[in-house]
Amino acid sequence: MVVEQGGATGTVAWEEIGECRRCGRSLSDKESRRRGLGPVCATKAVADLASVSNGKDVLDVPWEAATGDVVCWRSEHDPYEIHVNVPMLDSAWKNSSFEFGYGGTGPAAFALNILMWYGVSKRDALANGRVHDFKFRYVATLPREGGVIPGAAIRAWIAEHIVRPGTGAAPAPVQERLA
Ligand SMILES: [Zn+2]
């Protein structure tokens with residue numbers, strides 16, 4: 001499967017994630033739980049990344065579970081060819097492919113999917129303009145050629161900004177839930 005080459009699996013340590021990170025359904029299959037994506041959603045997560053909007057994003061940057069760093073870089077030959085280590089869990093953001101280095105729709109799509117990859121629900125990510133806050137802070141500020149958003153910064157941002165209604169408590173970021 002194509003997804004095996006990308007950031008959605010391999011060294012990803014999502015073993016204890018019992019729900020699909022794309023559709024929320026509970027997962028029973030061991031491999032699906034390791035990946036954090038059901039088989040259908042894993043395929044869709046890669047296909048969407050390559051087909052929405054300009055259709056040139058590639059999920060081929062290794063994911064390092066130890067750091068949780070989000071890594072992206074731009075092809076020297078094609079400025080629309082972006083390589084990432086986060087799959088497309090939701091393509092509903094105006095059907096936009098991932099972008100970075102400015103504050104537009106593509107960066108918002110990237111920001112939304114980073115947060116969702118970290119276990120934040122789409123609803124929580126979109127509420128109160130949070131996804132834009134995250135975008136302007138960490139995605140828009142990346143160099144045009146690409147860079148790294150440290151996992152520690154992402155975890156800290158989520159802990160500070162995402163509060164579950166009714167509980168008043170910030171959920172533990174995925175990496176810490178797995179620890
Ligand atoms: Zn799914």
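## Close-up views of a predicted model

**View 1. The open sheet has four strands in the order 1-3-2-4, with mixed pairing.** Strand 1 (58-59) and strand 4 (146-149) stand at the edges with a single partner strand each, so one side of each has no neighbour in the sheet. Two strands count as paired if DSSP finds at least two bridges between them. Helices (H or I, at least four residues) and strands (E, at least two) are DSSP runs, numbered from the N terminus. This is a predicted model, in which local features need pLDDT of at least 70 and side-chain atom pairs count only at pLDDT 80 or more, while totals for chains, interfaces and linings use all residues. Residues are numbered from 1 along each chain as its sequence is written.

**View 2. Here is the whole protein, with seven helices and four strands.** If you follow the sequence, the pattern reads α-α-β-β-β-α-α-α-β-α-α. Of the 179 residues in the protein, 42% are buried. A residue is buried if 20 or more other C-beta atoms lie within 10 Å of its own, exposed if 12 or fewer, and partly exposed in between, with C-beta atoms placed from the backbone. Among the contacts with a separation of 6 or more, 56% join residues 24 or more positions apart. Two residues are in contact if their C-beta atoms, placed from the backbone, lie within 7 Å.

View 3. C72 stands opposite V84 of strand 3. In a regular strand the side chains alternate between the two faces of the sheet.

**View 4. The largest nonpolar core has 41 residues.** Such a core is a set of buried Ala, Val, Leu, Ile, Met, Phe, Trp, Tyr and Cys residues joined through C-beta atoms within 7 Å. The residues with the most contacts inside this core are A45, A111, L112, I114 and L115. Helix 3 gives the most, with nine residues. Look for L115, which is in contact with V120, A125, V131 and F134, leaving aside its neighbours within four places in sequence.

**View 5. Helix 3 is largely enclosed by the rest of the structure, because twelve of its 13 residues are buried.** Those buried residues run from G106 to W117, and N113 is one of them. Their cover includes strand 2, helix 4 (122-126), helix 5 and helix 6. At 1.5 Å a residue, helix 3 should span 18 Å, and its end C-alpha atoms are 18 Å apart, which agrees. The expected span is 1.5 Å times one less than the number of residues in the helix. After helix 3 comes G119, with a positive phi near 95°.

**View 6. The axes of helix 3 and helix 5 come within 9 Å and cross at roughly 105°.** That makes the two helices roughly perpendicular, a label for angles of 65 to 115 degrees (under 35 is roughly parallel, over 145 roughly antiparallel, and the rest oblique). The axes are lines fitted to C-alpha atoms, for helices over the stretch in contact, and angles run from 0 to 180 degrees between N-to-C directions. From helix 3, P107, A108, F110, A111, L112 and L115 meet V131, H132, F134, K135 and V139 of helix 5.

**View 7. R25 is found in the segment before helix 1 (30-35).** With 13 other C-beta atoms within 10 Å, R25 is partly exposed. R25 touches E19, C20 and G38, not counting residues up to four places away in sequence. From C-alpha to C-alpha, R25 and G38 are 8.2 Å apart in space, and they are 13 residues apart in sequence.

**View 8. A66 is found in the loop between strand 1 and strand 2.** Is A66 buried or exposed? A66 is exposed, with 9 other C-beta atoms within 10 Å. A66 and G151 are 85 residues apart in sequence and 9.0 Å apart in space, C-alpha to C-alpha.
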